[in-house]
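Have the model open while you read.

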There are 2 protein chains.
Amino acid sequence: MAQRRVLLVSNSTTHPTGYLDHCAKDMVNFLGPDVKTILFVPYALKDHDGYAAKAKERFAVMGFKAASIHEFEDQQAAVASHDAMFVGGGNTFRLLKTLQDKNLIQIIRRRVLEQGMPYMGASAGSNIACPGIFTTNDMPIVQPSSFLALGLVPFQLNAHYLEPDPTSTHKGETRAERLAQFHEENDLPVVGLPEGMMIEVVGDKAVLRGMDRDVRLFAPGKPMETRKTGATLDDFMQAAEPAHKRIKHSE
Amino acid sequence: MAQRRVLLVSNSTTHPTGYLDHCAKDMVNFLGPDVKTILFVPYALKDHDGYAAKAKERFAVMGFKAASIHEFEDQQAAVASHDAMFVGGGNTFRLLKTLQDKNLIQIIRRRVLEQGMPYMGASAGSNIACPGIFTTNDMPIVQPSSFLALGLVPFQLNAHYLEPDPTSTHKGETRAERLAQFHEENDLPVVGLPEGMMIEVVGDKAVLRGMDRDVRLFAPGKPMETRKTGATLDDFMQAAEPAHKRIKHSE
């Protein structure tokens, strides 16, 4: 089996730069010299054509030929025939529901986990690489048939991770409080990935990339831990049992 | 059929006052002189005993005898035997999943919509009074069997509604952007209810109560509208068809 290669980007655009600017160099390094074609997945947003045009233009600047999955009649074949894929951000529930409705979950898993196709995601596209979508910040605007997702990595991600604002009088839960609630119900570790940061996974190795921002690690029953760019997450890659089996859901 | 009576509170605690302090007077007025016993529902939080103790103490100060549903063997009978109910805040997904797992959805609907039992909710407890949980801010830490909820009112609520922060460089979606995404997929109106505010529904009449804070109304295809305490939401009470049928979900 080929080696798994996954690049999970927290966010598509980092203030004050443009679309994918903050991660373009990392994407090029990650994809390497053999990748020529990229399959873009626009399903997290409503306007597929507009989103695809934006992504194609950005990947062209990086030197890649991108096509959007929504332009293909046979979408499973499109996943099979491209060298790599990039799943864009937007609403995680809408993205996962669309992949489920179009029967694309298993083919993507096979391509990435068995055949080593490089997978890149930003925001929602990174969330669905996790065992489930249980730690998304998005609004549940549509109902997927299951919260279980691609399971390309054995940990959960919290994209756009934000520290609590100590001056706020707002009583909605902070991000850390929400993740503590997740751990009241589930035992998967969670990576709180701030904007500008990413996780590069090759085989069973994972490393933090991006700007010099604190990444917060939440493992059930342990105090929060902080790591920075260049640190490994190899300890988060050791799932005791298949993560899909360890998640509470109704089916 | 008795008249529907529903009080939807945005949040349990408003800075800088204590638990339910900002809405206690409205609750007492809403319940009226005939209500003696209140059934509390603690399922949105993990610690049922602790949550119940806090709620019982607070309702005792208001002059009511509260019991917590988790203390009863026969929970459906508990819903039937109390004069009113209050569903506390916490995680909306956990709350809805628990009510579904315990087969409490239909009995609560009957008690409120047919028998006129007063229903009060705060935060998650208000979210589940809507047609679905599609506009919650909470993290999907567990998977309910359906996103459809109690449907006690024909509109969606966004509790803890927050205006966008114009100084923020964070690229996560604002609340208004999230609600616009909801309207890309669904056509139910949404009330953006800031902390300190509540909606009182009697029969087919609804009125805004609480502090003097702007309530934002989002109807699909219309510009955002603003109303204040004392304004009616009667126009939001006119569902063209049963709201449960108008929501996209997978079942």
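**Notes on a covered helix and its rings**

1. Start with α4(B), which is mostly covered: of its ten residues, nine are buried. Keep in mind that this is a predicted model. The buried set runs through T92(B), F93(B), R94(B), L95(B), L96(B), K97(B), T98(B), L99(B) and Q100(B).

2. What does the covering of the buried residues of α4(B) include? Chain A contributes α4 (92-101) and α7 (175-185), while chain B itself brings in β2 (37-41), β4 (84-87), α5 (105-114) and α6.

3. Have a look at both ends of this helix. At the start of α4(B), N91(B) has a side-chain oxygen within 2.9 Å of the backbone nitrogen of F93(B). After the helix comes N103(B), with a positive phi near 55 degrees.

4. Now the rings. Searching the whole structure turns up 19 aromatic pairs over all chains. One to check is F93(B) with F147(B): the ring centres are 6.0 Å apart and the planes sit at 75 degrees, so this is an edge-to-face pair. Since F93(B) is in α4 of chain B and F147(B) is in the loop between α6 (124-127) and β6 (156-158) of that chain, the pair ties together parts 54 residues apart in sequence. F93(B) and F147(B) are both buried.

5. Zoom out and ring pairs join F93, F134, F147 and F182 of chain A and F93, F134, F147 and F182 of chain B into a cluster.

6. Finally, two charges over rings in chain A. K54(A) has its charged end over the ring of Y19(A), 4.6 Å from the centre. R5(A) lies over the face of F30(A), 5.5 Å from the ring centre.

How values were computed:
Residues numbered from 1 in each chain as written. Chains lettered and ligands numbered in written order. Predicted model: local features only at pLDDT ≥ 70, side-chain atom pairs only at ≥ 80, totals over all residues. Heavy atoms only, no water. Phe/Tyr/Trp six-rings, centres within 6.5 Å; stacked < 30°, edge-to-face > 60°. Helix = DSSP H or I, 4+ residues; strand = E, 2+ residues; numbered from the N terminus. Buried < 20%, exposed > 50% of the residue type's maximum accessible area, 1.4 Å probe, protein only. Lys NZ or Arg CZ within 6 Å of the ring centre and 35° of its normal. Contact = heavy atoms within 4.5 Å. Polar contact = N/O pair within 3.5 Å; in protein donor to acceptor, adjacent residues only side chain to side chain.
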